[in-house]
Amino acid sequence: MANYFDPAIETASREFIREMQNKKLVEQVRRVYENVPFYKEKFDEAGISPDDIKSIDDIGKLPFTTKDDLRDQYPFGLLGCPLHDCVRIQSTSGTTGRRVVAFYTQEDIDLWDTSCARALVAAGATAEDVVQVSYGFGLFTGGAGLNGGSHKLGSLTLPMSSGNTDRQIQFMTDLGSTVLCCTPSYAEYLAESIYERGVRDQIKLKAGIFGAEAWTEEMRKDIEQKLGIKAYDIYGLTEISGPGVAFECCEQTGMHVNEDHFLVEVIDPKTGEILPDGERGELVFTCIDKTAFPLIRYRTRDLCILSRKQCSCGRTFVKMSKPLGRTDDMLIVKGVNVFPSQIETVLMNKGYPANYQIIVTRENNSDKLELLVEMTPEMFSDDINSLNRREKELIEALKAMLGIMCKVRLVQPNTIERSEGKAKRIIDKRDLYKA
Ligand code: DLL
């Protein structure tokens with residue numbers, strides 16, 4: 001039987017949702033025009049005044065916000081309120097290594113927590129549950145988001161963060177965790193570790209909320225079967241708040257977008273034209289009631305399909321498909337966003353040529369990032385010690401840039417295959433976007 005955290009909103013009529021969105025959008029557009037010089041300039045340039053936006057039907061008149069805008073406005077240029085009204089930042093890596101820093105007021109955190117509480121309830125959680133949050137804590141939004149949602153719901157919350165698998169399993173068995181929140185690849189790894197330790201009969205899990213990276217229906221079935229749970233997808237991004245922008249319900253056929261906070265569109269990534277429901281395109285979000293980081297028409301670079309078909313769970317919020325790909329070359333490795341341009345920056349800084357290959361694999365449910373790097377003829381030597389030293393130096397510089405460990409293999413000059421067209425720099429053997 002379906003359950004809701006905010007029944008009046010989650011099952012509201014489309015007319016009610018539309019009216020609420022109209023009102024919030026009109027107010028938000030005025031607020032950003034008055035408070036964010038970046039938006040004033042952007043709207044002025046596009047010849048748009050806040051008076052031109054009378055309802056959500058006018059959304060197409062507004063200019064997009066892009067990842068490049070975030071980079072150019074780093075760190076304070078998109079703030080929608082005085083800095084002293086903010087209580088938190090969260091962050092993620094951006095293109096060319098510059099971080100995305102998102103700000104939150106207490107009200108922004110409250111609406112984010114509510115979004116995550118809705119996701120938990122949709123996965124069957126109640127205040128009686130023990131929620132083990134094994135997403136990373138810190139600047140990454142995963143831990144903070146689900147932790148906040150679980151508090152809001154009143155569940156007993158285990159803020160485990162990721163890693164330390166022995167401790168994860170010990171708490172899971174000793175405290176009787178019933179809901180697990182982590183990346184799908186970590187869920188797979190935990191499942192296997194539980195079997196290896198022979199404690200499968202001691203776990204009480206009934207549901208899992210897994211997201212932050214692409215995962216397939218095959219992975220879902222595998223995790224569900226191994227852990228004896230229902231596995232739910234959850235979507236979000238730091239720029240828009242974090243996890244909980246959209247969440248799956250009992251139907252498990254796409255994620256309901258929390259439309260009272262986030263207006264969603266799918267556009268043609270080439271022309272910017274709004275596409276009808278059912279067509280695949282780039283997801284675009286507008287934060288209609290956030291204050292500190294109020295992005296307007298933010299282009300996510302995630303490719304998706306929207307559906308407004310009636311859902312058996314009773315929720316009326318639009319559903320987005322699992323992300324079906326990206327418009328850029330961002331990789332998500334161990335839940336961490338990695339841009340090839342970050343890797344290239346490190347290589348250039350260390351004097352290597354731009355002949356490299358990034359190979360991503362998944363072994364024993366754990367992502368592995370390997371980098372093949374060509375040396376210049378001057379660097380090349382058959383002294384093993386000097387090669388080892390070089391590899392170690394690169395591994396450390398990459399760890400500092402990306403936040404994760406990768407393997408580096410230095411290869412002789414002119415050994416990486418040259419391409420006649422676009423260089424094939426990324427070989428992702430995981431094949432995750434086939435949902
Ligand atoms: O990954 C927020 C999050 C945390 C979502 C925990 C769900 C659970 P970022 O680090 O900013 O934020 O990365 C955002 O991750 O644009 C997508 O490309 C990808 N992504 C997030 N959720 C999913 C998902 C968090 N369920 C980027 N399926 C997004 C596929 C996802 N990709």
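1. Domain bounds here come from an automatic or database domain assignment. On that basis the chain is divided into domain 1 (7-327) and domain 2 (332-428). Their C-alpha centres lie 31 Å apart.

2. Ground rules. This is a predicted model, in which local features need pLDDT of at least 70 and side-chain atom pairs count only at pLDDT 80 or more, while totals for chains, interfaces and linings use all residues. Residues are numbered from 1 along each chain as its sequence is written, and side-chain values use heavy atoms, with hydrogens and water left out.

3. The nine-stranded sheet. It is open, with mixed pairing, and its order is β4-β3-β5-β6-β7-β8-β9-β14-β13. β4 (156-159) and β13 (306-307) are at the edges; each has a single partner strand, so one side of each is left without a neighbour in the sheet. Helices (H or I, at least four residues) and strands (E, at least two) are DSSP runs, numbered from the N terminus. Two strands pair if DSSP finds at least two bridges between them.

4. β5 (residues 179-182) and β6 (residues 207-211) pair in the parallel sense, over four bridges. Cys181 stands opposite Ile209 in β6. Helix α5 (residues 106-122) lies across β3 (130-133), β5, β6, β7 (230-237) and β8 (242-248). Its angle to β8 is about 35 degrees. Axes are lines fitted to C-alpha atoms, for helices over the stretch in contact, and angles run from 0 to 180 degrees between N-to-C directions.

5. The four-stranded sheet. This one is open and antiparallel, in the order β10-β11-β12-β15. β10 (262-267) and β15 (325-326) are the edge strands; each has a single partner, so one side of each is left without a neighbour in the sheet. Strand β12 (residues 298-304) runs antiparallel to β15, and two bridges join them. Asp302 stands opposite Arg326 in β15.

6. The domain interface. Contact (heavy atoms within 4.5 Å) involves 17 residues of domain 1 and 12 residues of domain 2. The area buried between the domains is about 1,100 Å², and carbon and sulfur atoms give 48% of it. Buried area is the accessible area (1.4 Å probe) that two parts lose on being put together, summed over both.

7. Arg362 forms a salt bridge with Glu213, with the closest N and O atoms 3.9 Å apart. On the side of domain 1 that touches domain 2, α8 (184-196) and α9 (217-227) each supply at least two residues. The largest share, four residues, comes from α8.

8. Salt bridges overall. The structure holds 36. One of them joins Arg197 and Asp166, with the closest N and O atoms 2.6 Å apart. The pair links distant parts of the chain, 31 residues apart: Arg197 is in the loop between α8 and β6, Asp166 in helix α7 (residues 165-174).

9. Backbone points to check. Most residues other than glycine have a negative phi, and most peptide bonds are trans. Tyr74 and Pro75 are joined by a cis peptide bond, with omega about -5 degrees. Pro75 is in the loop between α4 (67-72) and β1 (88-92). Ala212 has a positive phi, near 85 degrees. Ala212 is in the loop between β6 and α9.

Note on methods:
A salt bridge is a side-chain nitrogen of Lys or Arg within 4 Å of a carboxyl oxygen of Asp or Glu.
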